[in-house]
Amino acid sequence: MKLPKNKKIIFIHLLNDFSGSAKVLSEVVEVCESHQIDNDLYINYTGDGFLYNKTKNQYFFHYKRYENKFSTLISYVLSQLILFIKMFKYLRSDCIFYINTMMPFGPALAAKIMGKKVIYHVHETSIQKNLKYFLRFVIRITAS
């Protein structure tokens, strides 16, 4: 990937843990930091994980998986609504949205509305079929 000049990168990752997708994103953030590329990182607050304290501009949102699938779904939808709204602070910024995994659809839709470039980093997927169809649709209409 060619590193952008004078553009801020907005990284969004749903679940900061010790998974492969969080590890890969942590390495991408490290490269940006080493090249002094301005970036913001949005992650769920777990207090731990590969992405914790990777950048000085770190922002947290609530998302948690629960034993009850309905509770997890509510947490997921609310996190996407909150992220959708928060992304409008970049309306007048020259930035790129870097969406790590298929899951964060809220920030992608906000970026599309604002006319921002959206880059997806899609890893292996193990998502329920109906949700995967929806997320693929969002990727098709938002990805740059």
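Residues are numbered from 1 along each chain as its sequence is written. In this predicted model local features need pLDDT of at least 70, side-chain atom pairs count only at pLDDT 80 or more, totals for chains, interfaces and linings use all residues, and side-chain values use heavy atoms, without hydrogens and water.

User: Are α2 and α3 roughly parallel or roughly antiparallel to each other?
Analyst: The axes of α2 (residues 69-86) and α3 (residues 105-114) come within 7 Å and cross at roughly 30 degrees. Axes are lines fitted to C-alpha atoms, for helices over the stretch in contact, with angles from 0 to 180 degrees between N-to-C directions; helices are DSSP runs of H or I with at least four residues, and strands runs of E with at least two, numbered from the N terminus. Angles under 35 degrees count as roughly parallel and over 145 as roughly antiparallel. The two helices are therefore roughly parallel.

User: Which residues of α3 meet α2?
Analyst: Contact means heavy atoms within 4.5 Å. From α2, Tyr76, Gln80, Leu83 and Phe84 take part. Their partners in α3 are Phe105, Gly106, Pro107, Leu109, Ala110 and Ile113.

User: Which strands are at the edges of the sheet?
Analyst: Five strands form an open, parallel sheet in the order β3-β2-β1-β4-β5. Two strands pair if DSSP finds at least two bridges between them. Those pairing on one side only are β3 (58-61) and β5 (117-121).

Key. Angles under 35 degrees count as roughly parallel, over 145 as roughly antiparallel, 65 to 115 as roughly perpendicular and the rest as oblique.
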